[in-house]
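Dear colleague,

Please find the structure below for your own work. A summary of the findings follows it.

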Amino acid sequence: MNEPRSAHQLSDEQKACYQENGYLIGLPPVFTPEEMRRINAELPHLLALLKPGETTKDIREWHEASQYLYEICLNPRILDLVEGVLGPDFYCWASNFFIKEPRSTSTVGWHQDAYYWPMAPHNSVTVWVAFDDVDEGNGGMKIIPGSHRGGIVKHQRGTDTDSVLTLQLEDGSDFSSEAAVQFRMKAGECSLHDDRAIHGSQANPSDRRRAGLTIRYSGTNVKNDLAVNPNFKTYLCRGTDTFHHNPVGVPPTTRFGRPNFKAVSKEEAGLG
Ligand SMILES: O=C(O)CCC(=O)C(=O)O
């Protein structure tokens, strides 16, 4: 048995659980309550950069221009968890917020991330960092265990007008939502999920905010199709990139900033 060397290095049992179910929860916190308090206290400085008409969903890949987010994305505790899933050589390529304010009707339809992403092979993991306590009461995420082993399912244009995603899966056709596992986390904890795992979340009828930051990591063997997502940039987190498949980003030099992207619609870029 290979025993973990730190609290955030996955045990063989946790790795096997991830392989079997396509997700991991119940992990040690990646941020202490005090660290989380500071992270939340700084968040308004980032939100202040949103332009009129934009929402928090428009905060995509701002780790490229904002040290505040870059430091979270490259936090060694998070990287230890990711290394347990992807192995020694991986990069970070995306970050975005899923924030449901109190009494928000906003939902996230059932979907597989990999359906949206022009990337191959499948060797990517999402870390969902809880900025608030999340549970069934405020629209915490749900996932279908083992669904990452069923292949990529065709998504359709959704009928749920509150969903923040345009394409989604119909419950009952390719899977049953009755099998879903509800994620419950304290602020400062995180979950991991495979890019093929079916997941989604419901509205937030509570008077508590439900904020999470998703950070996407991929093995260096994963290549993005630049014709579809021309803004794609990688930040090597661990190991070496012997493949050189993708453009490499430059770390940010300002605490709060937003990147200048080539104009491309989110759907064209495969980002929902
Ligand atoms: O935050 C949510 O409710 C959904 C997040 C999600 O879809 C993702 O992490 O890919």
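The ligand is surrounded by 13 residues, the closest being Asp113, Trp128, His199, Ser201 and Arg210; a residue is near a molecule if one of its heavy atoms lies within 4 Å of it. Please note that this is a predicted model, in which local features need pLDDT of at least 70 and side-chain atom pairs count only at pLDDT 80 or more, while totals for chains, interfaces and linings use all residues. Residues are numbered from 1 along each chain as its sequence is written, and side-chain values use heavy atoms, with hydrogens and water left out.

Ligand site

Polar contacts are pairs of N or O atoms within 3.5 Å; within protein, one must be able to donate a hydrogen and the other to accept it, and residues adjacent in sequence count only if both atoms are side-chain atoms. An N or O atom in the side chain of serine 201 lies 2.5 Å from an oxygen atom of the ligand. For tryptophan 128, the distance from a side-chain N or O atom to a ligand oxygen is 2.8 Å, and for arginine 210 it is 2.9 Å. On its own the ligand has 290 Å² of accessible area, and the protein covers 100% of it (Shrake-Rupley method with a 1.4 Å probe; for residues, only the protein chains shown count as cover).

The shell around the ligand divides into 4 nonpolar, 6 polar and 3 charged residues. Here Ala, Val, Leu, Ile, Met, Phe, Trp, Tyr, Cys and Pro count as nonpolar, Asp, Glu, Lys and Arg as charged, and the others, Gly among them, as polar. At least two shell residues each come from β3 (108-111), β5 (124-130), β11 (199-201) and β12 (210-219); strands are DSSP runs (E, at least two residues), numbered from the N terminus. The largest share, 3 residues, is supplied by β12.

Sheets

An open sheet of 6 strands has the order β1-β10-β5-β12-β2-β14, with antiparallel pairing; two strands pair if DSSP finds at least two bridges between them. Its edge strands, β1 (23-24) and β14 (235-238), each pair on one side only. Within this sheet, β5 and β12 run antiparallel and are joined by 7 bridges, and valine 127 has isoleucine 215 in β12 as its bridge partner.

Strand β6 (residues 141-143) pairs with β11 over 3 bridges in the antiparallel sense.

Backbone

Most residues other than glycine have a negative phi, and most peptide bonds are trans. Arginine 103, in the loop between β2 (90-100) and β3, has a positive phi of about 60° although it is not a glycine. The peptide bond from alanine 120 to proline 121 is cis, with omega near -5°; proline 121 is in the loop between β4 (119-120) and β5.

With kind regards

Terms used:
Helices (H or I, at least four residues) and strands (E, at least two) are DSSP runs, numbered from the N terminus.
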